[in-house]
Amino acid sequence: MTGLVAAGLENVRTGRFQRSLALATAAGAVACAGEIYFEHDRAGFGNRMMWLPVVLGPVGAVAGIAGVCDERLARTLLPVASAAITANGIQGTYLHLRGIAQKPGGWRMARYNIEMGPPMLAPLLMSMVGGMGLVAAVLRREGSPA
């Protein structure tokens with residue numbers, strides 16, 4: 001395990017990890033947006049805000065791929081898109097918690113409403129994808145001066 005950690009730290013130090021994390025951000029944004037689309041479609045897109053994470057998914061994918069291909073875009077486009085995704089995930093968590101509270105019985109029937117209402121912590125997954133993009137944007141890139 002120590003060798004694996006040392007190899008990972010070496011990849012971060014030398015800049016090899018930056019592109020990988022940007023690509024993981026792109027893949028995560030697509031996967032999250034697809035899942036969010038199906039879940040919000042099941043809810044009938046009852047609130048217009050439900051479209052925002054669906055739209056931000058492809059934006060994150062484009063920014064992540066651009067960050068893999070171009071260092072300048074990794075420092076400009078990727079953090080802007082990632083910050084928007086992270087903020088939307090935090091907003092979604094608030095809206096989901098509010099949705100649980102608005103169900104009949106609210107938090108007094110927490111066990112039932114958490115199971116049957118909007119997924120309480122699912123929007124934080126989108127925030128994690130945005131966070132990966134933010135980290136990728138600040139990491140050293142391979143071939144860049146130290």
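Predicted model: local features only at pLDDT ≥ 70, side-chain atom pairs only at ≥ 80, totals over all residues.
Buried residues are those with under 20% relative accessible area, exposed residues those with over 50%, and partly exposed residues those in between, as computed with a 1.4 Å probe and with protein chains only. Residues are numbered from 1 along each chain as its sequence is written, and side-chain values use heavy atoms, with hydrogens and water left out.

**View 1. Overall fold of the chain.** The chain contains 7 helices and 0 strands, and its elements follow one another from the N terminus as α-α-α-α-α-α-α. Helices (H or I, at least four residues) and strands (E, at least two) are DSSP runs, numbered from the N terminus. Taken along the principal axes, the box filled by the C-alpha atoms is roughly 60 × 35 × 20 Å.

**View 2. Packing of helix α2 against helix α7.** Helix α2 (16-42) packs with helix α7 (residues 123-138) at an angle of about 160°, and the two axes lie 8 Å apart. That angle makes α2 roughly antiparallel to α7, where angles under 35 degrees count as roughly parallel, over 145 as roughly antiparallel, 65 to 115 as roughly perpendicular and the rest as oblique. Axes here are lines fitted to C-alpha atoms, for helices over the stretch in contact, and angles run from 0 to 180 degrees between N-to-C directions. The crossing of α2 past α7 is left-handed, a term used if the near helix is turned anticlockwise from the far one by less than a right angle.

**View 3. Nonpolar surface patch.** Tyr37, Phe38, Trp51, Val55 and Val59 make a nonpolar surface patch of about 480 Å². Patches are made of residues with over 30% relative accessible area and no salt bridge, like charges being joined within 9 Å and nonpolar side chains (Val, Leu, Ile, Met, Phe, Trp, Tyr) within 5 Å; accessible areas come from the Shrake-Rupley method with a 1.4 Å probe, and for residues only the protein chains shown count as cover. Both α2 and α3 (51-69) supply at least two residues of the patch, and α3 gives the most, with 3 residues. Tyr37, placed in helix α2, counts as partly exposed at 32% relative accessibility.

View 4. The whole structure holds 3 salt bridges, each defined as a side-chain nitrogen of Lys or Arg within 4 Å of a carboxyl oxygen of Asp or Glu. In one of them, the side chains of Arg42 and Glu39 meet at 3.1 Å, N to O. Both residues lie in helix α2, 3 residues apart, or about one turn of the helix. Arg42 is exposed, with a relative accessible area of 69%, whereas Glu39 is partly exposed, with 29%.

View 5. Glu115 is exposed, with a relative accessible area of 54%, and Arg111 counts as exposed at 68%.
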